Amino acid sequence: MNNCKAVKIAENIYWVGAVDWSLRNFHGYKTHRGTTYNAYLILDEKITLIDTVKDTFKDELISRISSVINPAKIEIIVSSHVEPDHSSSLPATAEIAPAAEIITSSPNGLKGLTGRYGKLNYKPVKAGDSISIGKRTLQFVPTPMLHWPDSMVTYCPEEKILFSNDAFGEHLATSMRFDDENDLKIILDEAKKYYANILMPFGKQAQNALKTLGGLEIEMIATGHGVIWRKNIPAILDAYKEWSSGEVKERAVVVFDTMWHSTEIIARTIAESFAKRGIPAAYYDVKTTPLADIATDIFQSKYLAVGSPTIHNGIMPTIAEFLCYIKGLQPVNHKAFAFGSYGWGGQSIGMVEDELKAAGFDICLEKIRIAHVPTKEQLDEITEKILSAEF
Ligand code: FEO
């Protein structure tokens with residue numbers, strides 16, 4: 001029996017979501033600090049629920065709502081986003097509150113929810129649409145491809161609250177709901193990781209959304225994941241402006257796998273050579289660091305070096321997975337090169353370079369191919385190349 005309580009965030013507005021402390025994998029994104037699925041209840045003439053939670057937590061959602069009102073009284077459910085971490089408790093909620101209208105974006109929210117949950121009591125809305133729920137108004141602002149076609153945020157002008165769903169959030173489980181009750185550095189680090197791994201391909205859409213939202217007076221951003229912003233709103237808005245700009249910094253990331261340490265030795269020499277040039281460099285063995293963490297570091301680092309030995313005439317599967325992941329994130333303004341050791345064929349290094357080009361990287365240094373074990377002279381030559389390269 002759940003006995004979860006709603007958390008008041010404003011007069012007659014409550015957080016009724018769930019904290020997923022144990023989550024360590026969000027469809028491949030390693031979430032070292034868990035997450036939250038945030039849902040909000042507004043007690044007005046029409047009782048309104050903004051979003052639901054992942055269905056494994058639906059009893060917590062219903063329990064929190066029940067701590068302030070009978071859930072059967074809900075008349076409006078706003079579904080900001082079809083992805084199941086926010087929508088998969090809709091059927092259970094609609095069963096308890098069968099008369100509730102489910103507001104979703106048109107046409108993509110409607111298509112997505114119908115495809116997932118069949119026919120429910122949907123009310124599609126478009127840009128500029130708003131509804132009155134009594135003393136309050138809810139204005140709907142589509143944010144397509146931020147990060148799904150259906151994504152939408154909701155603004156309540158009377159409260160100056162933006163219900164932002166995935167935007168401005170982070171995967172972070174906390175016991176306290178507000179930004180100023182938690183460590184801001186951790187929040188911003190996790191928000192950056194979230195942006196890098198979920199929103200990196202959608203920088204233009206993020207900038208468009210920031211322009212649209214820029215005209216609103218916002219005193220609270222009630223996100224779909226992590227903390228609710230009330231004190232540090234400029235910090236997260238400024239961070240989104242910077243992250244969506246595609247700006248990169250003079251920093252290098254070296255990513256590799258190795259069979260018998262030769263590619264590892266080359267990787268270390270590359271990282272140290274960047275440092276010698278005055279460019280800080282990070283060094284990641286893909287076997288030991290989750291892809292989401294590596295991608296977060298690559299996000300604003302101008303240079304990337306990727307190394308793979310040759311195995312079965314190709315790339316190490318771990319590096320192939322990494323390249324597939326990074327290609328999907330469509331990084332912009334980055335430069336890269338390939339390296340690796342080999343016993344005989346040595347095909348992997350050219351294949352890595354091709355994949356880097358296909359992912360949109362500018363190749364900034366001729367690929368480094370070394371048979372068997374690198375000699376001191378070969379390693380010195382690598383250092384010289386990096387020191388003298390016109391990046
Ligand atoms: Fe938090 Fe796109 O779902």
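Reader: To start, how many of the 391 residues count as buried?
Author: Of the 391 residues, 56% count as buried, where buried means under 20% relative accessible area, exposed over 50%, and partly exposed in between, with a 1.4 Å probe and protein chains only. Keep in mind that this is a predicted model, where local features need pLDDT of at least 70, side-chain atom pairs count only at pLDDT 80 or more, and totals for chains, interfaces and linings use all residues. Residues are numbered from 1 along each chain as its sequence is written, and side-chain values use heavy atoms, with hydrogens and water left out.

Reader: Thanks. How many helices and strands does the protein have?
Author: The protein has twelve helices and 24 strands. These are DSSP runs numbered from the N terminus, with helices being H or I of at least four residues and strands E of at least two. The C-alpha trace spans about 80 × 40 × 35 Å along its principal axes.

Reader: Which residues touch the most other members in the largest nonpolar core?
Author: Those are Leu-41, Phe-168, Leu-304 and Phe-322, in a core of 87 residues. Helix α5 (residues 184–199) gives the largest share of this core, seven residues. Apart from it lies another core of 25 residues, with Ile-131, Ile-133, Phe-163 and Met-220 among them. A nonpolar core here is a set of buried Ala, Val, Leu, Ile, Met, Phe, Trp, Tyr and Cys residues joined through side-chain atoms within 4.5 Å.

Reader: And what does Leu-41 touch, not counting residues up to four places away?
Author: Its partners include Ile-13, Tyr-14, Val-16, Ile-47, Leu-49, Ile-65 and Val-68. Contact means heavy atoms within 4.5 Å.

Reader: New topic: at what angle do α9 and α10 pack?
Author: Helix α9 (residues 291–299) and helix α10 (residues 317–328) pack at about 55°, with their axes 11 Å apart. The axes are lines fitted to C-alpha atoms, for helices over the stretch in contact, and angles run from 0 to 180 degrees between N-to-C directions.

Reader: Which residues meet there?
Author: Leu-291, Ala-292, Ile-294, Ala-295 and Ile-298 in α9 meet Glu-321, Phe-322, Tyr-325 and Ile-326 in α10.

Reader: Where is Ser-79?
Author: Ser-79 is in the loop between β9 (74–78) and α2 (84–87).

Reader: Is Ser-79 buried or exposed, then?
Author: Ser-79 counts as buried because its relative accessibility is 3%. Leaving aside neighbours within four places in sequence, Ser-79 is in contact with residues including Asp-51, Ser-87, Leu-90, Thr-104 and Met-152.

Reader: What separates the C-alpha atoms of Arg-33 and Ile-266?
Author: They are separated by 33 Å, and the two residues are 233 residues apart along the chain.
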